[in-house]
Amino acid sequence: QDKMAASEYCVASSLSLSAEELQSADKTAVSLSQKVEELYPSFQGWEPERLFQYRVPKLPEPGVQACSKTLAPEPYDIRPLLSFYPPEKLLELVAKLQALVDEAQRQTNVTWIGVYKTVAAPASKVLLKLAYRGLPSRAEFPLTEEFKAFSNNTTVGLSGTGRIIQNVSEHVQAGQSYYPCDDEVQSEACLPLRGPDGSVIGIIDAESTTVGFFSGAMRPYVVGFTLAAEAILREYL
């Protein structure tokens, strides 16, 4: 697979890891990628509705920049924005990403983790959530300057600079962008996914109800997870 080395990735994404952490990130990427190859065929057997649809909060009222606590009546279907994929390729892509997020949550007990792909939508480019584990959350994050003021995901998708936030409350109090879907979240890692030419092709987002969750061994782990997700997206560009 076309996998970027952790050292190259961290330079491109403005992240600082020690030599030991970089080595750990590379090892995590390899081991997760191997696990995905082993696990994803079982996800291909899911009903299409389970793999390609998920519940989402109702879209908020104009001017409100936070998730609604009420779910939309109909599930969101990712397929219309991904109609350029042959059906069997889309099935493979989403099955691999679902296997990856499931395995990462199993290994770390992270509260929420998901992978988004940059796609064209009617109004603007968006980050489209392809696979996740955790509470229902928004499906699309517009890649616009306007939405960047409210969203970490959009900020990272536009800038290509990774963000690891050890204390969400302090981050918000400092006036930084944050789009809340779960009031319990205390820390977050939001990192870009890059294509072979260095352009941003998506993001990963991971959240925890524990302050400082993405410190220590979780810093290289989340970079390794990102490299594994990036390799999958590159395989299906």
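My notes below go through the sheet and then the helices packed with it and with each other.

I was working from a predicted model, and in it I looked up an open sheet of six strands, which I read in the order S5-S4-S3-S8-S7-S6 with antiparallel pairing. I noted strand S5 (140-142) and strand S6 (163-165) as the edge strands, since each pairs on one side only, and I found that the twist averages 20 degrees from one strand to the next.

I followed strand S4 (residues 125-133) to S5 and found the two paired in the antiparallel sense over three bridges, with Leu127 standing opposite Phe141 in S5.

Entry three, helices on the sheet. I saw helix H4 (residues 87-108) lying across strand S3 (112-120) and S4, at about 55 degrees to S4. I then traced H8 across S3, S4, S6, strand S7 (187-194) and strand S8 (200-208), where H8 runs at about 35 degrees to S7.

How do H2 and H8 pack? I found helix H2 (residues 19-44) and helix H8 (residues 218-235) at an angle of about 45 degrees, with their axes 7 Å apart, and I therefore recorded H2 and H8 as oblique to each other. Their crossing is right-handed. Among the residues in contact I listed Leu32 and Val36 from H2, and Phe225 and Ile232 from H8; the residues of this contact divide into eleven nonpolar, four polar and three charged.

Note on methods:
Residues numbered from 1 in each chain as written. Predicted model: local features only at pLDDT ≥ 70, side-chain atom pairs only at ≥ 80, totals over all residues. Heavy atoms only, no water. Axes fitted to C-alpha atoms, helices over the stretch in contact; angles between N-to-C directions. Helix = DSSP H or I, 4+ residues; strand = E, 2+ residues; numbered from the N terminus. Parallel < 35°, antiparallel > 145°, perpendicular 65-115°, else oblique. Left-handed = near helix turned anticlockwise from the far one by under 90°. Contact = heavy atoms within 4.5 Å. Nonpolar A, V, L, I, M, F, W, Y, C, P; charged D, E, K, R; others polar. Pairing = 2+ DSSP bridges.
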